[in-house]
Amino acid sequence: MSRTTMSRTTLSRTTLSRITTSPTTTRRTAVALSAVVLLLPLSACGGDAEAGSGSTVTVTVGYQSRTINTVTAGTLLRSLGSFEKQLDSLDDGVHYKVDWQDYATGAPITAQMTAGKIDIGSMGDFPLLINAARGKQLNSPTHLVSVTGYNLRGGLNTIVTAPGSKLTSLKDLKGRKVSTSVGSAADGTLVRALRRAGIDPDSGIEKLNQQPSVGASALTAGSADALSQFVAWPGLLAYQGKAKAVYDGARLNLPTFHGVTAREKFAEERPAVLEAFLKAQAQATDYLNEHPVDAAEKVAKATGLPAEVVYLYNGAHGIATFDPAIKPQLVSALKKDVPVLKSAKLTGDVDVDSFVDDRYVKKALGPAAYARRLATEPAPAASEAWPKGASKTVTFDSPSALLRYAAGHRDDLRAAYVPDATTGTLWFADKAVWVADGDRLLPFVAPDTAQAYVAGHDGARVVPYADALERAS
């Protein structure tokens, strides 16, 4: 029997159209309808149907297609069909259907999870904590069961401003309108960064609580002076020439990540299904790491994002590192995030240790494989060029070498990427702030980072990208 099974409603309507309703057949109709209802397969969310019952079980996955460092649990995973293949291999007498539900942020995923309507979801670190708090509050507990993309310094979140803006540092944001999504990882970066700059995040700026797309439009229209957002919005706006970076989140030097959360009831009732998801996630992770350009193209096709932007974050030396293992550094970072959310009155205390549950991913991957993944380190920072028509990028040992290549291939270059000289955050070479220090050419994501370097190095100065190209060639 096919795993794609006709729904109860469809079958009932089909049967009704074939059964006469004349008085002489009323009794036979009732008997026939009763038999149909009894024979119809149940359609359930998560663990409501028993294994081996011949039921159709719908597993509902909430994801964020355009939050591209969750792709191994969402966009890429869906594109590869890995989860469905894993479910097909269970052979437990249950017919599975996956309902993929796409959202812009983690908040609606949490709302649907606590209502029992989403079984598995992916979201950022701050939304994960809100997910944990809401689940406990509403007696519908959830657990962090794996990680998708992470950056150990915090580079997944960036504050940007308009291209022609005179704002060049966090201190310039005082009294300004700044758009962000309250309760998101990007909001957490904004709060922490402002505090370090001596600005009260509550009274020192006018915070606009907006969805990423709304905030991007507000920045373009001039109704917001700056935008603090998570992947892929800052890179997208910079690539489109609609924004420039004013603060690199990696300057906080605090890990930020996205992860997978599952309803406790679902995990307990359908552990094999959750393990199937985590196995599929690991396969998608391996595919992304082994075929970064192809993976970027697949995600671009599914989301409408430029592949060049996807690769900035998800590439071989991209801002995000992908691994399902729940690393101790990330758990420690979650614990440091709790006070930030509490101060914003978005949560109370959150028991992070009870929220984190790595049993399922350990079982899905096997102890030895899990230990190996746990010990892996992010790829070292490197400069990359993506030639037009190429299925692979070219890696260089220095930004200057990348510039020399770019200068000689101006018409044949799809994108060029360089790591910030201080934080290692990858950025588009033509959008970076360049510093000439003797014979060295150093790229930075944001002006204040570049100026900090210049202040500490006699003779160093900021130069335009065109000048950097000329110097390199």
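**Figure 1. Helices H18 and H20 are roughly perpendicular to each other.** In this predicted model, local features need pLDDT of at least 70, side-chain atom pairs count only at pLDDT 80 or more, and totals for chains, interfaces and linings use all residues. Residues are numbered from 1 along each chain as its sequence is written, and side-chain values use heavy atoms, with hydrogens and water left out. The axes of H18 (residues 399–408) and H20 (residues 465–472) cross at roughly 95° and come within 8 Å. Helices (H or I, at least four residues) and strands (E, at least two) are DSSP runs numbered from the N terminus. Axes are lines fitted to C-alpha atoms, for helices over the stretch in contact, with angles from 0 to 180 degrees between N-to-C directions; under 35 degrees counts as roughly parallel, over 145 as roughly antiparallel, 65 to 115 as roughly perpendicular and the rest as oblique. Tyr465, Ala468, Leu469 and Ala472 of H20 meet Ser400, Leu403, Arg404, Ala406 and Ala407 of H18, contact meaning heavy atoms within 4.5 Å. This contact has seven nonpolar, one polar and one charged residues.

**Figure 2. Helices H5 and H6 are roughly parallel to each other.** The axes of H5 (residues 107–114) and H6 (residues 125–137) cross at roughly 25° and come within 10 Å. On the H5 side the contact is made by Thr110, Met113 and Thr114, and on the H6 side by Pro127, Ile130, Asn131, Arg134 and Gly135. These residues divide into three nonpolar, four polar and one charged; Ala, Val, Leu, Ile, Met, Phe, Trp, Tyr, Cys and Pro count as nonpolar, Asp, Glu, Lys and Arg as charged, and the others, Gly among them, as polar.

**Figure 3. The largest nonpolar core holds 123 residues.** A nonpolar core is a set of buried Ala, Val, Leu, Ile, Met, Phe, Trp, Tyr and Cys residues joined through side-chain atoms within 4.5 Å. Ile68, Phe83, Leu274, Phe277, Tyr313 and Trp434 touch the most other members. Helix H11 (residues 271–290) gives the most to this core, with nine residues. Leaving aside residues up to four places away in sequence, Ile68 touches Val231, Ala232, Val299, Leu305, Val309, Val310, Tyr313, Asn314 and Phe322.

**Figure 4. Ala316 lies in the loop between helix H13 (307–314) and strand S12 (321–322).** Ala316 has 38% relative accessibility and so counts as partly exposed; buried means under 20% relative accessible area, exposed over 50%, and partly exposed in between (1.4 Å probe, protein chains only). Not counting residues up to four places away in sequence, Ala316 touches Pro292, Tyr311, Ala379 and Glu384.
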